[in-house]
Amino acid sequence: MLRVAHRLPLTEAEGPGRRFALWVQGCALRCPGCCNPELFEGAGGEILTVARLADELRAAARAHDLDGLTIVGGEPLEQLPGVTALAEAARAAALGVIVFTGYTWGEAATLPGFERLYAALDTLVSGRFDARRREPDVGGRRFIGSTNQRLHHRSARYADPDLWAGPAALELRIAADGTIALSGDPALSRRVLPVLRGRGPRGRE
Ligand code: SF4
């Protein structure tokens, strides 16, 4: 089982290429300036089976010609068994897997079960978001919040630095019911959200 906050069947703003993105619910790390404070609460979101999420992932991969899965949060390592099972299902479907964690590599490596998760990943992005060390708009890394965060490439799939270079990106989706959803760079979201809230029914980061 996984406690899930949001999921997107297709995004190009949460890692290289076309991806399914899943935000887990719950994070005890609570970095100052985190762009997802609504995901801190461990009792929120909805509890879904990994089997259901894996079915959704495979269907999205077929429908959208996806390259991979990104798991972000919230804190994925607080739900290691479920995150590992979903990563393994993605890997079995020949999809690339990226996980963003607020744990440092040293912290993550001490967690029981982390080794099995890492074996199912292509790339782990580690470290707390540090608002004092944001990635610069120009010359910074895409998809990464702050300069202290580290990329660990277990495979060569996303190891090319060019995949992580470039300007920050923001995606905006407007559903048939008028719901507006943003994903991608949090700093851009913060600039755009007040505009959208003045014009649209609702928005979320
Ligand atoms: S680890 Fe991630 S989700 Fe948790 S507080 Fe830090 S930036 Fe936010």
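How many bridges join S1 to S3, and do the two strands run parallel or antiparallel? The legends below take up this point and others in a predicted model.

**View 1. Strand S1 pairs with S3 and with S2.** Three bridges join S1 to S3. These two strands run antiparallel. Here Val4 stands opposite Glu46 of S3. S1 also pairs with S2, again in the antiparallel sense, and over five bridges. In this pairing, Thr11 has Arg19 of S2 as its bridge partner.

**View 2. Seven strands form an open sheet.** The strand order is S3-S1-S2-S4-S5-S6-S7. Pairing in the sheet is mixed. Strand S3 (46-48) and strand S7 (150-153) stand at the edges. Each has a single partner strand, so one side of each is left without a neighbour in the sheet. On average, neighbouring strands are turned by 25 degrees against each other, direction ignored.

**View 3. S2 meets S4 in a parallel pairing.** S2 covers residues 19-24, and S4 covers residues 68-72. Five bridges link the two strands. Phe20 stands opposite Leu69 in S4. Helix H1 packs on the sheet and touches strand S1 (2-11), S2, S3 and S4. The direction of H1 makes about 5 degrees with that of S1.

**View 4. Helices H1 and H2 cross.** Two packed helices are described by the angle between their axes and the distance between the axes. H1 spans residues 50-64, and H2 spans residues 80-92. Their axes come within 10 Å and cross at roughly 30 degrees. The crossing of H1 past H2 is right-handed. Which residues make the contact? From H1 they are Val50, Leu53, Ala54 and Leu57. From H2 they are Gly82, Ala85, Leu86, Ala89 and Ala90. By class, the contact has eight nonpolar residues, one polar and no charged.

View 5. Most residues other than glycine have a negative phi, and most peptide bonds are trans. Asp65 is not a glycine, yet its phi is positive, at about 55 degrees. The peptide bond from Gly73 to Gly74 is cis. Its omega is near 10 degrees.

**View 6. Domain 1 touches domain 2.** The domain assignment of the protein chain gives domain 1 as 2-168 and domain 2 as 170-205. Their centres, taken over C-alpha atoms, are separated by 21 Å. How many residues of each domain are in contact with the other? Domain 1 contributes 11 residues, and domain 2 contributes 10. On the side of domain 1 that touches domain 2, five residues are nonpolar, three polar and three charged.

Notes: Residues numbered from 1 in each chain as written. Predicted model: local features only at pLDDT ≥ 70, side-chain atom pairs only at ≥ 80, totals over all residues. Axes fitted to C-alpha atoms, helices over the stretch in contact; angles between N-to-C directions. Helix = DSSP H or I, 4+ residues; strand = E, 2+ residues; numbered from the N terminus. Left-handed = near helix turned anticlockwise from the far one by under 90°. Contact = placed C-beta atoms within 7 Å. Nonpolar A, V, L, I, M, F, W, Y, C, P; charged D, E, K, R; others polar. Pairing = 2+ DSSP bridges. Domains from an automatic or database assignment.
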